[in-house]
Structures are given as structure tokens and as C-alpha cells.
Amino acid sequence: KGNSILRRGAQAIGDMLENSKSILQFGFCHHNLSLDDISFISHGLRHNQSLKSLDLMGNSLNDFSLAILSKALSDNQSIEFLCLDFNDFGLVGIECIADMLRLNASLRELHLFGNRKGTCSIFVKNC
């Protein structure tokens, strides 16, 4: 929590997630992830089929980050819990999440608290 991550660190996390068959929970909170960081991590998530819980709270994820992450999670059919609290996405990010939910049948719990004003209420209203 709260450590700075370098490009090599994000690549290593993506590789770990891609190749792991036993990691069930992954929490990576308050790191201010860049688009490159989320791309590496998302690549690993796309191929991981063991992870059940993903917590990305407080990583400054914006609409572009959510587009990348949502695409990866559309292909992932193991994640049941996703926390995206206290990031920085808005309506475009919410639309990406909604598109992901149309394809992802495994997700059971989604946390979106503390993002741009009104995003959670828009999401609930449209679903």
C-alpha cells in the first residue's frame, strides 16, 4: 500500500498475475498507477483464471485506465469481487464497466465509492 511502482514493477506484477494458478486475492491500493502500469497489470488479469478478489482502491484510475481494465476483465471469468473505490473515473469509465459486466458472468460484488461526483448513482440508475 502506498509504495511507488516503477515500470518494471508493473511488468512483474502483470507477469505474476498472468502465470499464477494459485493467487486468489490481490490488493494493490494507493499507488497512483499510470496507463502503462494498468496496461501491464490488465494483461496479466486477462490471462489469469484463479484470482477471485481484486482491490485497486485509490490508484488514480481515470476513464482511459478503466477502458483498459474493463477490456481485460471482460475476458476474465474468475474474479468475483472488484473494488475501484476512490479513483478518478467518470461517466466514460462507468460505461466501460457496464460493457464489461455484459460479458463477465463471474463478478458478484463491485465497489465504486468515492469516484467523480454522481458516477455511482448514474451507474445504478442505468442498470
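Predicted model: local features only at pLDDT ≥ 70, side-chain atom pairs only at ≥ 80, totals over all residues.
Biologist: What makes up the order of elements in the protein chain?

Modeller: The chain holds 5 helices and 4 strands, and from the N terminus on they run α-β-α-β-α-β-α-β-α.

Biologist: Why are helix 2 and helix 3 called roughly parallel?

Modeller: Their axes cross at roughly 5° and come within 8 Å. Angles under 35 degrees count as roughly parallel, and therefore helix 2 is roughly parallel to helix 3.

Biologist: Which residues make the contact between helix 2 and helix 3?

Modeller: Helix 2 contributes Leu35, Ile38, Ser39, Ser42, Leu45 and Arg46. From helix 3 come Phe64, Ser65, Ile68, Leu69, Lys71, Ala72, Leu73 and Asp75. By class, this contact has 8 nonpolar, 3 polar and 3 charged residues.

Biologist: What makes a set of residues a nonpolar core?

Modeller: Such residues are buried, belong to a list that includes Leu and Ile, and are joined through side-chain atoms within 4.5 Å. The largest such core here has 26 residues, and those with the most contacts inside it are Leu45, Leu54, Leu56, Leu61, Leu69, Leu84 and Ile97. Helix 1 (7-19), helix 2 (35-47), helix 3 (63-75) and helix 4 (91-103) each give two or more residues to this core.

Biologist: Which residues does Leu45 touch, not counting those up to four places away in sequence?

Modeller: Leu45 touches Leu17, Leu51, Leu54, Leu69, Leu73, Asn76 and Ile79.

Biologist: How much of the protein chain counts as buried?

Modeller: Buried means under 20% relative accessible area, and 46% of the 127 residues count as buried.

Methods: Residues numbered from 1 in each chain as written. Heavy atoms only, no water. Buried < 20%, exposed > 50% of the residue type's maximum accessible area, 1.4 Å probe, protein only. Contact = heavy atoms within 4.5 Å. Axes fitted to C-alpha atoms, helices over the stretch in contact; angles between N-to-C directions. Parallel < 35°, antiparallel > 145°, perpendicular 65-115°, else oblique. Nonpolar A, V, L, I, M, F, W, Y, C, P; charged D, E, K, R; others polar.
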